[in-house]
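Dear colleague,

Please find below the structure that I am handing over to you. My notes on what was found in it follow directly after.

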Amino acid sequence: MVRIIEDNKRNYDLVYNTSKDQFNVIAGDSLCGINFSVSRESLYNRWNNITISFNGDAGELTIISNGKRYTQKKIHPAKGSCYKLLFGANQFEPFATTDTPPMKVRNVKIFKKGRLEYHWPLDEVEGTVAVDLVKNAKAMVHNPSWQTALHSKWQKGKSITVNGIASVAFDEKNEAVYVVAEDTVYSYAVKNATWLMKNTNDKINLNQGNRSFFNPADQRLYNYILGKETPAIHGFENGNWQGNFPLGEVTGYWHANKMFSSVDSSLYLFGGYGYLVYRNSVQRYNFNSHKWSNLKYKGDFFTPRYLAGLGATEKGDTAYILGGYGNSSGQQILNPRNLYDMMRFTVKDKTFTRLFELKINREDFALANSLILDSKKKIYYGLIYPRHKYNSSLQLIRGSLQDPSFQLLGSVIPYAFHDVHSFADLFYCKNSNKFVAVTLLRTDNNKSVVNVYTLLGPPYIAPVKTIPEHNNKVRYALYTVACIVLFCLFFIFFKGYRRRKLKIETAESEYNHANHEPVSEQFNEMELAEHLEVQTAKVPAFKNTILLFGDLQVFDATGNSITKQFTPLIRELFLLILLHSVKLGRGVSSDKLNEMFWFDKSEKSARNNRSVAIVKLKSLLEKLDFCTLSKDSGYWMMEIDYQHFYIDYHSYLNIINNRKKLDDDAIKHLSSIVQRGSFLSTSEYEWLDNFKSEISGNIIDTYLHYLHKPEHHNDPESLIRIANYILNIDPVNEEAMTLKCQSFVALGKHSLAKGTFENFEKAYKHMYDKSFGKNFSAILENAYNLKG
């Protein structure tokens, strides 16, 4: 199990004899007198503490196992020796061995005279290096299987595709996930990660927006359409559905939240969305009377919403509802937004109480349908995701029921979010201590793709690495020096900034004149570029501005950001029309809009939906000056006055289309634009891929065109700067890497050149899963002659 090698000469082994269920200690090639046992129940179900202690003065070796002490004298470990610690198999000659039992190891500690010298918790999530908490010493691990990863990385089960618009339910007691298809009921056993299917004797009409629920009281499965008829009931004993629904109905309560209350044997449903309206109703289905009812509630205002998360207490007497998407009026046309309030609903008095609102300093998000509550600890778990992305991802969070704090946990789960065509939910298995995430996606051919993911609880929280006490004085001294250096750099930068500003104002006049662009008195493009260059952490609020590189940012006529006011549909519609207007100058036809956004609608329905969307978009654009939406040419097009309105994409086009007049100021301007990030980095649309690919290629070509000018070949610092710009866009651009390495060599910075090449090799290996194929020397030989 563990081999300790003394001065590369002598081994001390702790071994496990499987035939006798006994531990033995070996010194050299002989058994010591130490042997002991650990009960199977403890060995296989609990962590066991074992201490190996050397006493050079007394010549003893002592083993302490779970508090019991075993000592062997006359071992005579050498004083002041160097020891290697090897767990399991090893290839260290001449002590190599592959004879090792299956085992789990954690909390390896080394003490010297009672003082802790090293501590490896072995709680890493991935990789082949374990880090010591005391001195930051590193231990190497071969072929690790990190137990912590099961608490951090979601494990994907087998995907299934089922017939119809499926829905999902959960049996908490038996830890089973049920998927209701039109002709089959599927069950997923969480314990052994297996699917079972049972064909039903009759088909059920699974209309749009149907939901399923497993009733723990009668052990039956219910399928319902909120606001419609009595639920259909499935009996597992005979495989029949009792009841059905008229074909073709669509719910007005998509993504409503649910809670089962054992207090009154009822299913409560909150909110939802349908027919361009967000809901704030509370509906109840009583399993005894088999009737629906609308509840009149009181207390704080429950904002109409959908895409919220709900968690209930064990008895179902209290519900906690977090976040969602909607607005106070309930009308989709009137500025909907993401919500982050935590609402509590109590069954006894039918009262809503607003507890707090999350403080969001990250990308907007919605929530999967359910929260998992830990009432004793007053915490909840939920899954969040950005609703404005199709190729989205679910992220587990843990938050408090008493304050707005929350934190992200674990890895992300891929989630194809297509609004009402998709669904995500979160469940918890108490016995197996596992979280279960389920995603559904309805396809165009009336099928549903079901994915199941599990995560072992409790979710892993990375430990805070402490700083050794004996290093604090050194670190404080370093911090003090760093602060002084930063202050001096800031002072130098501020003086240089004043000089650069005057220079840029002059260069800007010349640049705009060369490109026949009048300079606006109300807006200065180069001034924006300068601000973006020196303040990349936060984009300043400029009036009448649209920034497309990095995250989409839209600033209105008063300088306020209105980006979050764009719903996913309006956002995509806006970008589609804007890009075709700026680049091609002709906009998009109505037929093209119908084809892209309402292909599954009748001509009349598509026209009505398009009209509603256009009205919403126009209402947002009214907040901007010098930018209007028109159809004068027969195409929907953005009419923009670029003398008074700034779009970074328009400036980018001016630069790359005038490469013959490319100079230092144009390159600085281009760099200030692209350093915000890749083009529309958080927007993922199929039609946008061509724009992104073309832009990345044009930027790289422009930089390379600039680099190939003869005057730059003897300017290594300039080449390094431009090469960095290229590598930020294309980390495996060989030409940029070559120029950068040769430039560092020309400056005498050989280690930086070598580091650049090694980073490139890693990026190349990661992207193409194969080695680069050239060595460092070959790269230097093929580069420019920078020394002239």
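The pLDDT is the predictor's confidence in each residue, on a scale from 0 to 100. This is a predicted model, in which local features need a pLDDT of at least 70 and side-chain atom pairs count only at pLDDT 80 or more, while totals for chains, interfaces and linings use all residues. Residues are numbered from 1 along each chain as its sequence is written, and side-chain values use heavy atoms, with hydrogens and water left out.

Confidence

The protein chain has an average pLDDT of 83, and 88% of the residues score at least 70. Over residues 491–541 the pLDDT is below 50, and this stretch has 62 contacts in the model beyond near neighbours in sequence; a contact means heavy atoms within 4.5 Å. Residues 783–788 also have a pLDDT under 50, and the model gives them 19 contacts beyond four places in sequence. Where pLDDT is low, the predicted coordinates should not be read in detail.

Helices (DSSP runs of H or I, at least four residues) and strands (DSSP runs of E, at least two) are numbered from the N terminus. Two strands pair if DSSP finds at least two bridges between them. Strand β2 (residues 10–17) runs antiparallel to β3, and six bridges join the two. Within this pairing, Leu14 has Val25 in β3 as its bridge partner. The hairpin of β2 and β3 has four residues between the strands, and Asp21 takes a positive phi near 50° there.

Ala27 stands opposite Ser30 in β4. Two residues lie between the strands of this hairpin, where Gly28 takes a positive phi near 70°. As for burial, five of the six residues of β3 (residues 22–27) are buried, where buried means under 20% relative accessible area, exposed over 50%, and partly exposed in between (1.4 Å probe, protein chains only).

The sheet of β23 to β26

Four strands form an open sheet with antiparallel pairing, in the order β23-β24-β25-β26. Each of β23 (257–261) and β26 (291–294) has a single partner strand and stands at an edge, so one side of each is left without a neighbour in the sheet. From one strand to the next, the twist averages 25°; axes are lines fitted to C-alpha atoms, for helices over the stretch in contact, and angles run from 0 to 180 degrees between N-to-C directions. Strand β25 (residues 277–286) pairs with β26 over four bridges in the antiparallel sense, and Arg284 stands opposite Ser293 in β26.

Helix α8

Nine of the eleven residues of helix α8 (residues 664–674) are buried. Among them are Asp665, His669, Leu670 and Val674.

Asn210 and its surroundings

Asn210 is located in the loop between β18 (194–199) and β19 (211–215). This residue counts as buried because its relative accessibility is 5%. Its side chain makes a polar contact of 2.8 Å with that of Ser167. A polar contact is a pair of N or O atoms within 3.5 Å; within protein, one must be able to donate a hydrogen and the other to accept it, and residues adjacent in sequence count only if both atoms are side-chain atoms. A second polar contact, of 2.9 Å, joins the side chains of Asn210 and Asn223. Leaving aside residues up to four places away in sequence, Asn210 touches Ile165, Ser167, Asn223, Tyr224 and Ile225.

Salt bridges

The whole structure contains 15 salt bridges, a salt bridge being a side-chain nitrogen of Lys or Arg within 4 Å of a carboxyl oxygen of Asp or Glu. One of them joins Glu117 and Lys135 at 2.9 Å, N to O. Glu117 lies in strand β10 (residues 115–120) and Lys135 in the loop between β11 (129–131) and β12 (138–140), so this pair ties together parts that are 18 residues apart in sequence. Glu117 is buried at 16% relative accessible area, whereas Lys135 is partly exposed at 38%.

Lys430 and Glu172 form another salt bridge, at 3.8 Å, N to O. Lys430 belongs to the loop between β38 (422–429) and β39 (434–442) and Glu172 to the loop between β15 (167–171) and β16 (176–180), so the pair ties together parts that are 258 residues apart in sequence.

Yours sincerely
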